Every structure is written in structure tokens, then in C-alpha cells.
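Hi,

Here is the structure I promised to pass on. Have a look at it first, and then read on for what turned up.

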Amino acid sequence: MEKQKYYITTAIAYTSGKPHIGNTYEIVLADSIARFKRQQGYDVFFQTGTDEHGQKVELKAAEKGVTPKEFVDEVAGEIKRIWDLMNTSYDKFIRTTDADHEAQVQKIFKKLYDQGDIYKGYYEGLYCTPCESFFTESQLVDGKCPDCGRPVTPAKEEAYFFKMSKYADRLIDYINTHPEFIQPVSRKNEMMNNFLLPGLQDLCVSRTSFTWGIPVSFDPKHVTYVWLDALTNYITGIGYDCDGNSSDLFKKNWPADLHLIGKDIIRFHTIYWPIFLMALDLPLPKQVFGHPWLLQGDGKMSKSKGNVLYADELADFFGVDAVRYFVLHEMPFENDGVITWELMVERLNSELANTLGNLVNRTISMSNKYFDGVVENKNICEPVDDDLKTVVTSTRDKVAEKMEGLRVADAMTEIFNLFKRCNKYIDETMPWALAKDEDKKDRLATVLYNLVEGICIGAELLESYMPETAERIRTQLNAKKRNYDDLATFGLYPSGNKVTDKPEILFARLDIKEVLEKVEAKNAAEAAKEAKEAGIDIEPKEEISYDDFMKMQFQVGEIISCEEVKKSKKLLCSQVKIGSQVRQIVSGIKAHYKPEEMVGKKVMVLVNLKPAKLAGVMSEGMILCAEDENGELALMVPDKDMPAGAEIC
């Protein structure tokens with residue numbers, strides 16, 4: 001029987017910088033859903049990627065002195081590195097700078113223009129550069145962008161517009177007849193009441209004030225504006241072709257089963273995107289889920305607030321699966337979640353180290369102590385076993401029910417309830433007491449078998465959320481991977497199997513004080529590094545007049561030879577060509593440059609400094625250097641190749 005398809009996407013990450021843990025939450029959330037669907041037997045296609053065009057990227061690239069493509073290549077690489085670090089099982093990583101995507105965007109724009117959905121006009125409004133969105137005065141909140149709270153600036157330019165109102169009634173009807181389309185329901189109400197019902201304005205879909213974008217094929221001074229470019233990745237990434245030659249992958253997977261996005265971009269995915277699809281005569285995605293934010297402390301993460309946490313930093317402290325556990329389990333269905341160092345340590349110690357790790361370790365250790373690691377089901381049962389088996393065998397369907405509603409945190413709670421029930425079973429059966437009575441040996445064997453079987457089923461269900469941990473548990477229990485259908489059946493662990501004789505600690509308990517001290521030390525080191533990169537302050541000297549400055553003569557000099565001054569530990573003596581002359585200049589830079597490193601360098605020279613003897617050697621000028629707070633020196637050299645003797649002014 002052919003597997004049922006399941007196409008899931010994340011929003012593509014904007015390449016303005018390194019993604020923080022709040023951004024990373026989305027890819028981990030999508031991964032847990034994709035993995036669970038695969039476990040259930042679905043043929044899953046999981047797409048993520050990067051959104052790489054726009055004015056903000058163009059500005060950031062200019063700030064770094066690189067091209068926009070060089071800038072996005074670096075950032076996209078960093079995003080992909082973190083997605084891979086977090087063990088996410090995506091099938092496709094699309095970049096909006098991919099040639100096939102860009103070609104399709106141009107075709108889509110032309111098609112919509114030719115059929116009258118796009119027209120040329122003039123835009124005048126208030127523009128938010130970070131959000132790349134126009135707003136009217138009435139849409140602002142306290143005079144600022146309603147989405148990000150940053151300042152807006154007046155903007156006026158020629159642009160192409162999409163006739164949103166043409167499809168508005170059709171979209172309203174679709175939303176009303178498909179209650180599952182926008183989730184949670186609160187997001188649906190917000191879209192209907194705040195945007196659709198009051199009436200849609202036509203949407204700006206091109207820009208002329210910057211160039212980093214996909215050119216409009218028939219009007220190349222325009223570039224395609226962000227949303228018509230970014231949103232179409234969901235179809236171009238699986239082979240949509242505007243000319244009607246779409247791939248088999250597209251025909252199989254579209255419409256998407258789930259667009260997983262942040263709540264801040266719900267409007268674009270539930271209004272603009274469905275209308276674009278209607279205009280292209282394509283079916284709408286089955287569901288758009290706007291997840292809440294993961295907040296640091298009591299606020300949204302931002303570099304300007306200095307409250308940003310990154311997935312790779314957290315993984316260094318806690319491990320990848322512990323970070324996955326935290327961001328998935330601590331996020332409510334509708335409300336924002338909170339992440340702090342203290343909360344992560346508390347959860348790791350209580351849930352991961354104690355509830356799960358200690359359970360696995362105790363079970364394996366008792367199996368080794370009492371039966372040399374051999375786990376046998378002697379079927380000496382007591383009533384207390386029945387409740388354990390009921391909890392274990394019912395967990396699969398409870399997890400499935402929660403996942404069907406995308407309540408991932410609740411699904412994980414069900415799995416940890418299974419582990420907690422196993423811990424309670426140890427307290428109820430007291431294996432250490434059974435071990436003291438030879439007549440109870442078969443009962444003890446049965447108890448340990450039941451524990452191993454319960455842990456095996458729990459580990460299989462845990463795999464979607466903590467894949468490395470699930471595999472480590474399987475390995476220690478010498479258990480094979482099980483089919484989803486078998487996870488509601490108790491007793492499939494082979495009787496007579498042998499567990500490892502060296503159980504490893506899954507999660508070591510951490511001391512919050514030590515963690516915070518390490519975090520503080522790391523932050524201090526980074527702050528010092530940033531301060532060093534930002535610049536240093538020195539004691540100011542007396543002001544001089546312009547006439548004083550004009551008395552100094554600076555020229556470019558080329559060092560043609562250099563040697564150590566024998567009577568000095570600090571000095572080098574250089575022969576410096578300045579125009580047609582050669583000057584001998586002594587410099588205290590021996591600790592920083594070797595004589596052979598100096599030869600051939602073009603340097604800045606103070607030419608009219610009064611000659612002086614240094615360590616018995618005559619010096620006829622001064623080579624200029626910069627010095628940092630640590631006393632490190634660097635020669636001042638021209639930015640471009642200049643001839644020896646060129647005046648510095």
C-alpha cells in the first residue's frame with residue numbers, strides 16, 4: 001500500500017544574521033512533527049531554507065564591505081550549520097538565491113501581470129526597513145512599526161501592486177468553511193477582524209529603491225518585493241513550474257499539509273500567500289500554524305536588548321537533545337514560552353537526569369547486579385503490573401492525539417508520564433527487597449523485564465523529540481527499533497536479551513551556580529572581545545592648531561632593506577625609499593616585526609622630523625604605527641597601492 005504523503009515547511013530564515021534560540025525553536029518543532037509522521041508511516045517531505053533578498057541585506061552587506069551575495073552565502077551557511085547541529089531531518093534546504101527559484105519568481109510575476117492581477121502604480125507611505133513593510137499612519141503603534149516596534153520612515157517610489165481585493169471575498173469564504181486552515185483559532189480571529197473584514201489594500205510587490213532582489217523580467221529597474229519572492233519558495237522548492245511543467249515531486253506533495261511559522265508573520269501566510277495561490281489557480285495549504293515566541297526572561301530576544309541566546313552555545317552547556325527537550329517541552333500551545341539558564345538547569349536535573357536518566361541507569365544496573373545483565377520474562381505477574389502495562393501501551397495513542405493537534409509539549413508530557421510510571425513501579429515492587437529472597441527470583445526477573453520493556457517503548461516514542469537519546473537508550477538495552485504499530489503492544493522485548501554491562505549516564509546533573517559562573521565568564525570574554533573590536537580610548541593630548549599640523553610632512557615610504565640594531569633589543573633600522581631619496585629610519589618595533597617582514601612594505605612616514613641618534617644609529621624620520629591596549633603594534637599602510645613619495649594629506 002502506498003504511503004500517505006505529508007509535506008511540512010518552516011518559514012525560511014531571513015539572512016540578516018545568526019539565528020537565536022527563538023528562531024531555532026521553529027526548525028526543531030517542525031523536525032519533531034516530521035519525525036513523528038515518518039514514524040507513523042507517512043511519506044514525509046520536510047522543507048526549510050533561507051530568505052536572502054531585500055533592502056536590509058543590501059545595507060548589512062554594505063556595512064561589512066562585501067557584496068550582498070557574499071553576505072548571504074556566509075549567513076545561510078551559518079543557519080544551515082545550526083539546523084544541522086540541532087539534528088533536524090529536513091529533506092530540502094532552499095535558498096531564494098537559487099537559480100531555479102529566481103527563474104520561477106520571474107515567471108510568476110509575469111503571469112500575474114499578464115492576467116491583470118498586478119499593475120504599475122506609485123507608492124507613498126511609511127516604511128519599516130527591518131520588516132520590509134509599508135504601513136499607513138493609522139496602522140502604526142505609537143508612531144512605530146506595528147510588527148517590530150522600530151521607527152518608520154516616509155517612502156515614495158514607483159512600484160507594481162497586486163490587486164488583493166479581487167480575491168478577498170473568496171479567501172474569507174475559504175477561511176470560514178475550513179476552520180482547520182489557521183491555527184490556533186486566536187490567530188484566525190485576528191486575521192479576519194483586523195485585516196480581511198475591514199478591507200484589504202492592494203499589496204506592493206516591487207521596489208526600485210534598492211537592487212538586491214530578483215529583477216522583474218519585463219521592467220528590470222524593479223526588483224520583486226519580499227513576499228512574492230519569499231512565499232513562493234514553498235512551491236518552487238518542490239519543482240513548481242509556472243509554464244505547466246511542474247515536477248512529479250510537486251504534483252505529489254502540493255498542497256502542503258502544514259506551514260509552520262512564527263505568529264509575527266501569520267498575516268503574510270494566511271492572507272497574501274493564499275491569494276497568490278488563488279491567482280495561480282493552485283490549491284491552498286491545508287493548515288498554517290502560527291506558533292508563539294520563545295522569550296528570554298521576560299522579553300522577545302533581540303541583539304539590541306543584549307538578551308540573545310544561541311542554540312550552539314546552549315548545546316555546549318547542555319547537549320543537543322537537552323536543548324531540543326527544553327524548547328519543545330517548555331513552549332505552550334498558544335502563549336509565549338520563557339527560556340532562562342536557571343530554568344534549563346532545573347529541567348535538566350529534574351526531568352532528564354532524574355526522571356529519565358536515573359530510571360535507565362537503575363534498571364540496567366539492577367539487571368547486571370542480579371542477573372548478569374540478562375533480561376528474562378518469567379511471567380510471574382502481580383496486579384501492580386497491570387497498571388504499568390496499561391500506562392505504557394496507551395501512551396502511543398495519547399501522543400498521537402496530542403500531535404494531531406500540534407500540541408507537541410503535551411505529547412512529550414505523556415512520554416515522561418510513562419517514565420514516571422516506571423519509576424513509581426520500582427518503588428512499588430522494590431527489586432532490592434525481592435533480591436533478598438531466593439523464592440522471589442523469578443518475580444524479580446519479571447519486574448526488571450517489565451521495566452526494560454516500558455523503557456523501550458518510551459524511548460521509541462521519544463525518538464521524534466530527542467533522537468540521539470532514544471538511540472543511546474536502545475543501544476544500552478540492546479533493543480531493536482520498533483514499528484509504530486508495535487508501540488501499543490507490551491512484551492516484544494526478546495526474553496533472554498542482555499543489556500550493556502557498562503551503563504552510561506544519559507544526563508549529568510548540573511550545579512546552577514557553576515553554570516552561571518561559566519556563562520558570566522563567557523559573556524565577559526565576549527564583551528572584552530567586542531570592546532576590542534569596537535575600538536579603544538586613549539588619553540587626549542593638547543590641541544594643536546591647523547598651522548601646527550601643516551608643519552608636519554607625511555609621505556608614503558617603501559622599505560627596501562631592514563636589519564636589527566645590534567646594540568638594542570627593541571630597534572630595527574630600515575632603509576626607506578621616499579620619492580628619489582632613501583632615508584634611514586630607526587623604529588622600536590623589533591618585538592612585532594622581523595627585518596625580513598619589513599622589506600617591500602609601503603608605510604606612512606613623518607619625513608620632516610629632526611634627525612636623532614638612537615642606540616648610536618642616526619634616524620631621519622619616523623615610521624608610523626597603531627598600538628592597541630595590549631601594546632601590540634601594526635604598521636600604518638595605504639589602503640591602495642601608492643608610489644613611494646606620495647604625499648599623505
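**What turned up**

Glu520 is exposed, as its relative accessible area is 59%, and the cut-off for exposed is over 50%. Keep in mind as you read that this is a predicted model.

To find Glu520, go to helix 19, which covers residues 512–534. Glu520 also belongs to a negative surface patch, together with Asp511, Glu514 and Glu517.

In what order do the four strands of the open sheet run? The order is 6-5-7-9, and the pairing is antiparallel. Strand 6 (133–135) and strand 9 (203–204) are the edge strands, each with pairing on one side only. As background, strands of a sheet pair through backbone hydrogen bonds, and they can do so in a parallel or an antiparallel way.

Pro184 sits in the loop between strand 8 (182–183) and helix 6 (185–196). Another cis peptide bond runs from Trp254 to Pro255, with omega near 10°. For Pro255, look in the loop between helix 9 (248–253) and strand 12 (258–262).

Asp281 is not a glycine, yet its phi is positive, near 60°. You will come across Asp281 in the loop between helix 10 (266–279) and strand 13 (288–291). Is Asp281 buried or exposed? Asp281 counts as exposed because its relative accessibility is 65%.

Asn478 is the other one: phi is near 55° here, again a positive value in a residue other than glycine. Asn478 is placed in the loop between helix 18 (467–477) and strand 17 (497–498). With a relative accessibility of 40%, Asn478 counts as partly exposed, since that label is for values between the 20% cut-off for buried and the 50% cut-off for exposed.

Cheers

Terms used. Residues numbered from 1 in each chain as written. Predicted model: local features only at pLDDT ≥ 70, side-chain atom pairs only at ≥ 80, totals over all residues. Heavy atoms only, no water. Helix = DSSP H or I, 4+ residues; strand = E, 2+ residues; numbered from the N terminus. Buried < 20%, exposed > 50% of the residue type's maximum accessible area, 1.4 Å probe, protein only. Patch = residues over 30% accessible without salt bridge, like charges linked within 9 Å, V, L, I, M, F, W, Y side chains within 5 Å. Areas by Shrake-Rupley, 256 points an atom, 1.4 Å probe, with all protein chains shown as cover. Salt bridge = Lys/Arg side-chain N within 4 Å of Asp/Glu carboxyl O. Lys, Arg positive; Asp, Glu negative; His and termini not counted. Charge placed at Lys NZ, Arg CZ, Asp CG, Glu CD. Pairing = 2+ DSSP bridges.
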